[in-house]
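Hello,

Here is the structure for your work. My notes follow below it.

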Amino acid sequence: MTILLLADHDGNHLSDQTAKALTAASQIGSDVHVLVAGKAAKAAAEQAAKLSGVSKVLLAESDELANNLAEPLADLIVSLGGSYDTIVSAATSVGKTVLPRVAALLDVAQVSEIIEVVSPDTFKRPIYAGNAIQTVQSTDARKVITIRTASFSPAPTGLPAAVESISTAALSSGLSTFVSDAMSSNDLPELTSAKIIISGGRALGSSEKFRELILPVADRLGAAVGASRAAVDAGYAPNDWQIGQTGKVVAPQLYIACGISGAIQHLAGMKDSEVIVAINKDADAPIFQVADYGLVGDLFEVLPDLEAAF
Ligand code: FAD
């Protein structure tokens, strides 16, 4: 069985999401080809080739593939699809945009955000915001799967595989157009790959207090910053900091939840963290049920003390 893995990259760098998705792909089948598509993606392709378990890297370069638009990327994958039984991607924003289109074009049902490979056609995935785990068997001849990378460790590096340039004729263009890419500018680590995350909730009360209390501690710990949806909706934190069912799913070594109640939708995004610390003034807050360490106290006192302690 040969598997096609869509790489996640920015042209120059392969994200560690690809190495994690590769671990899952290698559990589905032993022959994994990685597709690196972009305008100028040779550097990322060379990094993909060094991952252990990759038997070949397909490098597709063209103007249409410059910005990960779903239509040309899905066309490219479908044009290659005949050679592959299974097509997978990390459940990143690109993977979650492109693979449903691939599944629709192939007329198969996508299996989304798997957290475990039971067998080549059977997978576990969370439902109801992670409160139940569903075991899904796909009977489609060709399987299209996205992978929740927080559940898989990254594949190590190994002997380099061959990089083969492939033709990119007849890709859709014009159905959607790239306008701009606005990256939030800060020096904080990236949320989905951070080893430590400190998150703030509604209790912070304002954007100013969120930054005044959370950022210095994040800085001391070298942590990424997350937020509950209530904090994001209230404008205390930017949208791309949201953790949870409708935000990012993370599994850092240490997750510190500050003034977050622990609603199931928030837990869905962080409960696989190795160690969870909760700071909340309500001893009955649900977050304490998943916390390894809990501190009942007022975060407006605790966080400055914590910062001063480092
Ligand atoms: P609250 O629930 O208001 O909790 C605030 C907490 O702060 C309380 O526990 C309180 O005791 C504590 N507190 C107050 N003052 C202090 C103080 N001074 N010191 C210490 N502690 C204090 N939520 C997410 O986070 N992520 C999601 O992705 C998400 N997706 C959702 C999807 C759907 C479809 C729905 C319906 C909801 C979703 N939610 C999500 C919202 C979720 O249900 C909760 O409303 C939200 O997580 C609550 O955020 P919070 O814990 O910051 O606020």
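Ser-228 is buried, at 8% relative accessible area. Buried means under 20%, exposed over 50%, and partly exposed in between, with a 1.4 Å probe and protein chains only. Ser-228 sits in the loop between strand 12 (224-227) and helix 6 (229-233). Setting aside neighbours within four places in sequence, Ser-228 is in contact with Gly-200, Gly-201, Arg-202, Gln-242, Ile-260 and His-266. Contact means heavy atoms within 4.5 Å.

A note on the source. This is a predicted model: local features need pLDDT of at least 70, side-chain atom pairs count only at pLDDT 80 or more, and totals for chains, interfaces and linings use all residues. Residues are numbered from 1 along each chain as its sequence is written, and side-chain values use heavy atoms, with hydrogens and water left out.

Now the whole chain. The protein has 9 helices and 15 strands. These are DSSP runs numbered from the N terminus: helices are H or I with at least four residues, strands E with at least two. The C-alpha atoms fill a box of roughly 60 × 40 × 40 Å along the principal axes.

Of the 310 residues, 47% are buried. Among contacts with a separation of 6 or more, 64% join residues 24 or more positions apart.

Best wishes
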